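I opened the notebook to look up a few local details in this model. Here is what I went through, entry by entry.

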Amino acid sequence: MDTWVPYLQAQLYPDTLTSQIIWVYVILNIILIEYAYRKIEFLKEKNEKRDGPFWSYRRLDTERWARWKFHFGAIFTGMIPRCLLVGATVGGFLLWTKICSIGAPQNEPYGPLRRELIRKVANPVGRLTCFWTGLWWINRVDKRRIDPKTCEPEWAPIITVNHVSWIDIPLFIGNDCPSFVAKVSVENIPFVGPLARAIQCLFVQRANDQSRAEVIEQVKKRQNQIYDAQGKGYPQLLIFAEGTTTNGASMVRFKRGPFASGLPIQPVGLQFDGPFFGPDMGVIPFDVHMILCLSQPWLSLTMTFLPVYKPKHSTEDWEKDAGILKEIMSKEMGIKMSDLTYREKVQYYNVIYKTKIKET
C-alpha cells in the first residue's frame with residue numbers, strides 16, 4: 001500500500017514541465033467548453049412556442065449534445081491546437097494576399113499575375129483550413145453539363161449556395177477562391193475583414209429600402225463585369241441567396257442578388273453533419289460555434305455542383321426564377337422549402353438571447 005502512495009502523488013501532482021503543460025491544456029479545454037456549452041445549454045430544452053415559428057433556424061441536434069462528449073472531444077481531438085491552426089492558416093493567407101495586392105488599384109480587378117498568385121495559394125489554404133475543422137474528406141458530386149466548345153463544365157459568373165456555416169467560406173476559398181457578397185460589418189472583423197478586401201469581396205449595406213436598391217446596382221455591375229471578361233477580370237461572385245445561415249434542413253426565401261443581372265448561375269448544395277454537433281450556425285455566436293464544432297473528431301460534407309441555371313424571366317420577375325432555382329436545389333438535397341427570411345432570424349435571436357439587435 002505504501003508503494004502506491006508516491007506513485008499516485010507523482011501522477012496527480014507531477015513536477016515535470018511536460019506534465020504541467022498537459023494539466024494547463026486540460027484545464028483550458030474545460031474552461032472553454034464550459035464557457036461555450038453554458039451559452040447554449042438552454043436550447044436543449046424543447047420549447048415549441050419559442051422555436052416552432054422559426055423552424056429553419058432552430059437547432060435539430062440538441063438530443064445528441066452532452067457535456068462529457070464536448071469535454072472528451074476537446075481534450076483528445078486537440079480543439080485548442082486546431083483553433084490556433086485555423087487562425088495561423090488564415091493569418092498566413094492574409095499576409096500573402098497583402099503582399100500580392102501591394103500597389104493594386106482600388107475598385108478594379110487584379111491583373112492575371114496577381115490573381116493567379118492569390119488563387120494558387122488560396123486553394124491549399126482553404127482545404128487546409130477545412131482539414132483543421134475536421135473536414136478530412138468531402139463527398140463531391142458534380143452534375144454540371146459539359147460545354148461542347150471547351151469540353152469543360154459549363155461556366156457561370158455567379159455562384160449561389162445554401163449558407164450553413166462559417167466553414168462555407170474556407171471551403172470555397174479552397175475551390176478557386178471566388179469573391180463573396182458580404183455585409184459591410186464584415187469589414188470590421190479582425191483577420192476576416194482585411195482578407196475579404198484582399199480577395200475583392202463586394203461589401204453591401206442592406207438596412208433599408210434605399211440601401212437595398214444601391215446593393216442591387218452594385219451586385220449587377222459586378223456580375224456584368226465578370227461576365228464580360230469571361231472570368232479573366234474579377235473572379236466568380238459567390239452570393240448566399242438566402243442572405244444568412246440556416247440549420248441546413250430547409251432553404252429560406254431567396255434574395256434578389258443572384259438574379260440581379262439575369263446571367264447564368266452555378267448552384268451548389270452543401271449538406272454537413274457532425275457526430276454530436278451539427279456544423280450549421282443558425283443563431284449560435286461564432287466563438288461558441290467554433291469551440292464546440294472543433295471539439296468533434298470529424299465533420300462530414302456532401303458538396304453537390306448542380307447544372308448551371310439560366311434565368312428564364314426578366315430581372316423584374318426575378319422571384320419566379322428564385323422560386324424555380326430554390327425548388328431545384330431543395331429537391332436535389334432532399335430538404336424542405338421555407339418562406340422565412342433574415343428578418344425572422346433576427347427576431348428569433350432576440351427571443352432566445354433576450355436582446356434587441358436590429359436587422360443589418
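Entry 1, a cysteine in a loop. I looked up Cys-151 and found it in the loop between β2 (146–147) and β3 (152–153); helices (H or I, at least four residues) and strands (E, at least two) are DSSP runs, numbered from the N terminus. This is a predicted model, where local features need pLDDT of at least 70, side-chain atom pairs count only at pLDDT 80 or more, and totals for chains, interfaces and linings use all residues. Residues are numbered from 1 along each chain as its sequence is written, and side-chain values use heavy atoms, with hydrogens and water left out.

I noted a positive phi near 60 degrees for Cys-151, which is not a glycine. Most residues other than glycine have a negative phi. Cys-151 is exposed at 61% relative accessible area (buried is under 20%, exposed over 50%, partly exposed in between, with a 1.4 Å probe and protein chains only).

Is Cys-177 buried or exposed? I find it buried, with a relative accessible area of 7%.

I searched the whole structure and got one cavity of 30 Å³ or more. On a 1 Å grid over the protein atoms alone, a cavity is a set of points where a 1.4 Å probe fits but cannot get out, and lining residues have an atom within 4 Å of a point. Grid points are joined across faces, edges and corners, and the volume is the space filled by probe spheres set on the points. The largest cavity holds about 110 Å³, and Cys-177 is in its lining, with Asp-176 and Tyr-110 also among the lining residues. Helix α6 (residues 112–133) gives the most to that lining, three residues.

I traced seven strands in an open, mixed sheet, in the order β1-β10-β9-β4-β7-β5-β6; two strands pair if DSSP finds at least two bridges between them. β1 (139–142) and β6 (202–204) are the edge strands, each pairing on one side only. β1 and β10 run parallel, joined by four bridges, and Arg-140 stands opposite Met-303 in β10.

Thr-304 belongs to strand β10 (residues 300–305) and is buried, at 5% relative accessible area. Beyond its neighbours within four places in sequence, its contacts (heavy atoms within 4.5 Å) include Val-141, Lys-143 and Glu-332.

Key: 1 Å grid on protein atoms, 1.4 Å probe; cavity = no way out; pocket = protein on both sides within 12 Å on 5 of 7 lines; lining within 4 Å.
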